[in-house]
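This report describes one protein chain, going from its overall form to single residues. Please look at the sequence and the 3D structure before reading on.

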Amino acid sequence: MRGSLVQVLRPVHTFPELRDMTSNTHQLAAFLADIAGISHSLDSHTLSVKSKDYFWYSPLLQEALGDKLGQILVLPASEEEVIQVAGAAARHQLPLTVRGGGTGNYGQCVPLQGGIILDTSRLNKVLAITPGFVHCEAGALMMDLERAVRADPCVPGGQELLMYPSTRDIATIGGFVGGGYGGAGSIRNGILKDPGNVTQVRVVTLEAQPRVIELQDADIQKVHHAFGTNGIVTQLTVSLKPAVNWVHHIALFDSYPQALRLCVQATDAVERTVPIGNAKPVVPADPPLDAFLITAVERRFAPFYAQAFGDRFPAHKDAVFSMIAPDHLATWRALVAAHGGQETMALTEEALTAQGLIPAFECGWNHTTLMALRHDRSWTNLQTIDSWPLNIDKVQAQMQRWGDEVLMHHEFARDSQGPVVFGLPLVAYFDRDRLYEIIAEYEADGCVVLDNHVYTIEDGGMKTIDSAQIDFKKIADPHGLMNPGKTRGWSDEMAVPLSIM
Ligand SMILES: Cc1cc2nc3c(=O)[nH]c(=O)nc-3n(C[C@H](O)[C@H](O)[C@H](O)COP(=O)(O)OP(=O)(O)OC[C@H]3O[C@@H](n4cnc5c(N)ncnc54)[C@H](O)[C@@H]3O)c2cc1C
């Protein structure tokens, strides 16, 4: 059964009607008929779970998004099935939200206007591993990719991903490109958008007759961090480097400034040891240092880590979690000692797992907040960027100013322009006004705040409308059906009615 002609020709300016989910029963029935044979679910509990991500970190997003629900979950297992779903969604003018692992923090894969949730978890094949590259389907988990490229013999000793979020084990590569930024590995290889990190994507358009578009190199920015608003990514190619058996390390310090001073010196050394792209260091590091993660966490986080690490991170010490190249461990230990630090852990991932410990990257990035939230849901966090070199006196002044209201955590990373310090402070939530007062105080200190309490691309990290992404949306999602409400660059008037396509 197909939708009636009236439904198929319904112009998109009636689209807000879909907010009343009882009004599109016929469209849903027609859509279901068109996707016969493709795995799907209408189960209300499943839909409730698959309509959420980690937006609950933010009390403001919890309030705004907690009741949003998709109406049908589809699980295509091939690009052909994605094309079938995309064509049916366009013909029946149903909103469609793509979901990978559902680990985004800003409601990126929450369907604001109901409709279809396209779950990519069955699109998970590793298609080809060659020296320097892995080509895979978008729903592949990054952990599975990492295992596959490490085991593949095309490079002796195996290869590794250049970076992954601290959610490596449960997030997809498509979701990382669609909603992520950087993570473990960014200290060594820059952030996701730096040239050469992702080299190719295949995108299915949301049209009555969907097309497959291949984007390469700089054109990939058209879909990177677009929150799945402008095409369904089905396949990608990402770059690899020879595998390193990183040593997961904890060092403890008598003060947070001491820990930060180590991190600043180490980041500078990594920058001069491992160039990003073709840049050659002006003055090579002496001695060289190679690291995959450098994370500073102050002592007030220690109770949240007690179960994971016990005395390895006690409440009277500040910690640096890192992943260090085994050949550079002696240099790292000397640096730690020179800054007054004390080593409490130095284990490979295999050894960690054998001892039931968690990897260092799960002690950093947004996992640090998760550690706290597991104990007490009243915390939230902020995302800030400090200028380089980090002004440690300013951090000390902030700690004095905010006291127990804000707990400090800094991530040391690089992009193609040089070092970057991300702050992921934990904030004791009082109310919206106080949260935005703290944001204003950060900004007055010269920090950039990437607002993680909003759900549009532009109000959060991107700040401005990316016209290249919107131009691509006109091609890949001309009816404006993809993850509606997530980009300010698109308005209902821009949608092309189905009848005139
Ligand atoms: C504890 C924790 C730690 C985190 N640490 C980091 C970190 O270190 N670095 C970081 O960048 N982020 C981090 N995040 C955010 C998130 O985990 C990552 O961005 C992750 O890569 C998202 O992958 P996912 O598969 O869960 O994507 P999802 O959340 O499912 O999707 C993210 C966005 O991409 C879109 N999307 C997904 N798949 C596709 C596709 N195939 N085609 C088009 N669009 C698509 C979705 O519609 C959505 O808008 C963290 C989150 C949590 C909760």
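## Overall form

The structure is a predicted model. The protein chain contains 17 helices and 21 strands. Along its principal axes, the C-alpha trace spans about 75 × 55 × 40 Å.

A compact globule of 501 residues would have a radius of gyration near 23 Å, and the value for this chain is 23 Å, so the two agree. Of the 501 residues, 50% count as buried.

## Domains

The chain is divided into domain 1 (5–120 + 467–500), domain 2 (126–243) and domain 3 (247–449). The centres of domain 1 and domain 2, taken over C-alpha atoms, are separated by 23 Å. In the contact between these two domains, 34 residues come from domain 1 and 31 residues from domain 2.

On the side of domain 1 that touches domain 2, at least two residues each are supplied by α5 (79–91), β3 (96–99) and α17 (467–476). Helix α5 gives the largest share of this side, 8 residues. Sorted by class, this side of domain 1 has 17 nonpolar, 12 polar and 5 charged residues.

## The nonpolar core

The largest nonpolar core holds 127 residues, and the members that touch the most others are Ala-89, Ile-173, Ala-291, Leu-293 and Met-323. Helix α9 (residues 256–273) provides the largest share of this core, 8 residues.

Which residues does Ile-173 touch, leaving aside those up to four places away in sequence? The partners of Ile-173 are Cys-136, Ala-138, Ala-140, Met-142, Leu-145, Leu-236 and Val-238.

## Helix α11

Helix α11 covers residues 329–338, and Thr-331, Trp-332 and Val-336 in this helix are buried. Seen down the axis of α11, the buried residues fall within an arc of 135 degrees, and therefore they line one face of the helix. Ala-330, Ala-334 and Ala-338, on the other side of α11, are exposed.

The buried residues of α11 are covered by elements including β11 (247–253), α9, β13 (318–324) and β14 (342–348). After α11 comes Gly-340, which has a positive phi near 80 degrees.

Two cis peptide bonds can be located in the loops. One joins Asp-286 and Pro-287, with omega about 0 degrees. Pro-287 is placed in the loop between α9 and β12 (291–297). Another joins Trp-388 and Pro-389, where omega is also about 0 degrees. The loop that holds Pro-389 runs between β16 (384–386) and α14 (392–402).

Positive phi values also occur in residues other than glycine. Asp-217 has a phi of about 45 degrees, and Asp-217 sits in the loop between β9 (212–216) and β10 (232–242). His-225 has a phi near 55 degrees, and the place of His-225 is in the loop between β9 and β10.

Is each of these residues buried or exposed? Asp-217 has 11 other C-beta atoms within 10 Å, and exposed residues have 12 or fewer, so Asp-217 is exposed. His-225 has 20 other C-beta atoms within 10 Å, and a residue with 20 or more is buried, so His-225 is buried.

Technical notes: Residues are numbered from 1 along each chain as its sequence is written. This is a predicted model: local features need pLDDT of at least 70, side-chain atom pairs count only at pLDDT 80 or more; totals for chains, interfaces and linings use all residues. A nonpolar core is a set of buried Ala, Val, Leu, Ile, Met, Phe, Trp, Tyr and Cys residues joined through C-beta atoms within 7 Å. Helices (H or I, at least four residues) and strands (E, at least two) are DSSP runs, numbered from the N terminus. Two residues are in contact if their C-beta atoms, placed from the backbone, lie within 7 Å. Domain bounds come from an automatic or database domain assignment. Ala, Val, Leu, Ile, Met, Phe, Trp, Tyr, Cys and Pro count as nonpolar, Asp, Glu, Lys and Arg as charged, and the others, Gly among them, as polar. The arc is that of the directions from the helix axis to the C-beta atoms. The radius of gyration is taken over C-alpha atoms; the globule rule is 2.2 Å times the number of residues to the power 0.38.
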